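Work through each task before you read its solution.

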Amino acid sequence: MPTTTSTPVGLAQRVARPAPRRSARASAAKLYDVPVSNNGARVRIALYAKGLVPDRVEIVPPSELGGIKSEEYMALQPKGQMPLLVTESGLPIWESEVILGYVLDKYDGEGPSFTLDTAEERALS
């Protein structure tokens, strides 16, 4: 019987998910994505700009879990879509805007911030 992790982040679903398979580099988060994914591009740009790839975040294809419609992938991302980030602790996060928000918050002190300084600047962006 698979173990469960905390509630996944993304959309408003609150269902326990099986813990992801751990790689040899268990300390790195994994972004499941492919180079032609437009939604994943915004996340990849931030990851590369912050210098997080490959030491802090690995970018791997969903085929590592059997593809986006495999049982293992669907257990982490029930819609079977990309991108999907699995954090170092095993928390699955999906939806590119949610992933990007997590990355910008989690790694705030590394690389460029990508956040405007004032509320006025953010409102006008």
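**Exercise 1.** Find what the buried residues of α1 pack against in this predicted model.

*Solution.* Start by listing the buried residues of α1: G40, V43, R44, A46 and L47. Next, look down the axis of α1: these buried residues fall within an arc of 160°, so they line one face of the helix. Now look at what this set touches: the buried residues of α1 pack against β1, β2 (57-60) and α3. Finally, turn to the other side of α1, where N38, I45 and Y48 are exposed.

**Exercise 2.** Inspect the start of α1 and what follows the helix.

*Solution.* At the start, a side-chain oxygen of S37 comes to within 3.0 Å of the backbone nitrogen of G40. After α1 comes G51, with a positive phi near 70°.

**Exercise 3.** Which elements each supply at least two residues of the largest nonpolar core?

*Solution.* First gather the core: it has twelve residues, including A29, L31, V43, L47, I99 and V103. Then sort by element: β1 (29-32), α1 (38-49) and α3 (96-106) each supply at least two. Apart from this core lies another, of eight residues, among them Y32, L65, Y73 and V86. As background, nonpolar side chains tend to be buried together in soluble globular proteins.

Definitions and conventions:
Residues are numbered from 1 along each chain as its sequence is written. This is a predicted model: local features need pLDDT of at least 70, side-chain atom pairs count only at pLDDT 80 or more; totals for chains, interfaces and linings use all residues. Side-chain values use heavy atoms; hydrogens and water are left out. A nonpolar core is a set of buried Ala, Val, Leu, Ile, Met, Phe, Trp, Tyr and Cys residues joined through side-chain atoms within 4.5 Å. Buried means under 20% relative accessible area, exposed over 50%, partly exposed in between (1.4 Å probe, protein chains only). Helices (H or I, at least four residues) and strands (E, at least two) are DSSP runs, numbered from the N terminus. The arc is that of the directions from the helix axis to the C-beta atoms. Contact means heavy atoms within 4.5 Å. A polar contact is a pair of N or O atoms within 3.5 Å; within protein, one must be able to donate a hydrogen and the other to accept it, and residues adjacent in sequence count only if both atoms are side-chain atoms.
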